[in-house]
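Subject: Structure handover

Hello,

Here is the structure we talked about passing on. Please open it and keep it in view while you read the rest of this email.

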Amino acid sequence: MSTRRPTSSRAARDRAREAREQAAQRRRERRTLIVVAAALVLVLVGGGILLQAWRTSRSPSAAAVAPSAAVTPIAISNGRPLVFGSADAPVTIRLYEDFHCPHCADFEETYASTLDAAVAAGTVSIHFYPMAFIDQGSAAAANAMACASEAGFGPAYSTGLFANHTLQWSTAQLISLADQITGGATPAGFTACVQQGSHLPWVQSINAAADQAGVQQTPTMFIDDRPVDITTLTVDSLKQKIADAAA
């Protein structure tokens, strides 16, 4: 003889089945969300890697520079900076920068025109120390800067280096930048200088000179051996400091 189970038992089983189905559905939704999130992360990371690769390996572009008088080629001497401007200028500015330093690139964008105008006016001579402490690209760029200064187009080359400060600075990139600046008339001596790393010992000597001067960060500026607080500097205050030093 059979007996019928109470209706309440069937209802309990139905509720249990619904609960299991809902739990399974939630698990499927969580798995879907995890997969979508992981895919999104991969897209973002992959895109960031591709963007960074493009930024660091693309061809450089020469920055526009104001017309200026011809620059005299500079003899490179260990421990000695690159000097731009008249030796008779009443004000000497010592400037320590790294071509891979983003703060230096910002400094150049803000103050380069003011400094260039003071040099052109004969008021300032700039003693430039291109340091190389960030990475190998810094050293390669500083060596190329010495090569360019030796070849007579240092200031324009410096502007181009800072305008492309995110680049890895391979030999090909450094030569490409020079070709753009010289209109394709890059001296063979410059190309050989870059390829051979001819002035890398000089770059190391500049680092040593900066250490001896107590320079611990870039950019660092001295006006007539007086340190300048770059964190509070403005274009107007820089002009005033130059005027005061020249008085």
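Predicted model: local features only at pLDDT ≥ 70, side-chain atom pairs only at ≥ 80, totals over all residues.

Five strands make up an open sheet, with the order S1-S3-S2-S4-S5 and mixed pairing. Its edge strands are S1 (82–84) and S5, each of which pairs on one side only. Tyr96 stands opposite Tyr129 in S3.

Next, the charges. In general, side chains of opposite charge can pair when their charged atoms come close. The structure holds 1 salt bridge. Asp225 and Arg94 form this salt bridge, and their closest N and O atoms are 3.0 Å apart. The pair links distant parts of the chain, since the two residues are 131 residues apart: Arg94 belongs to strand S2 (residues 91–98), while Asp225 sits in the loop between strand S4 (220–223) and strand S5 (226–227). Are the two partners buried or exposed? Asp225 counts as exposed because its relative accessibility is 59%, and the cut-off for exposed is over 50%. Arg94 counts as buried because its relative accessibility is 16%, and the cut-off for buried is under 20%.

Now helix H3. This helix covers residues 136–151, 16 residues in total, and reaches 23 Å from its first C-alpha to its last, close to the expected 22 Å. H3 is mostly covered, with 12 of its 16 residues buried. Among the buried residues are Gly137, Ala141, Met145 and Cys147. What caps the N-terminal end of H3? Asp135 does, with a side-chain oxygen 3.0 Å from the backbone nitrogen of Gly137. After H3 comes Gly152, which has a positive phi, near 100°.

Last, a loop residue. Thr186 lies in the loop between helix H5 (171–182) and helix H6 (188–196). Thr186 counts as buried because its relative accessibility is 16%. Its side chain makes a polar contact of 2.6 Å with the side chain of Asp179, and another of 2.9 Å with the side chain of Thr182. If neighbours within four places in sequence are left aside, Thr186 is in contact with Ala178, Asp179 and Thr191.

Regards

Terms used. Residues numbered from 1 in each chain as written. Heavy atoms only, no water. Salt bridge = Lys/Arg side-chain N within 4 Å of Asp/Glu carboxyl O. Helix = DSSP H or I, 4+ residues; strand = E, 2+ residues; numbered from the N terminus. Buried < 20%, exposed > 50% of the residue type's maximum accessible area, 1.4 Å probe, protein only. Pairing = 2+ DSSP bridges. Expected span 1.5 Å × (residues − 1). Polar contact = N/O pair within 3.5 Å; in protein donor to acceptor, adjacent residues only side chain to side chain. Contact = heavy atoms within 4.5 Å.
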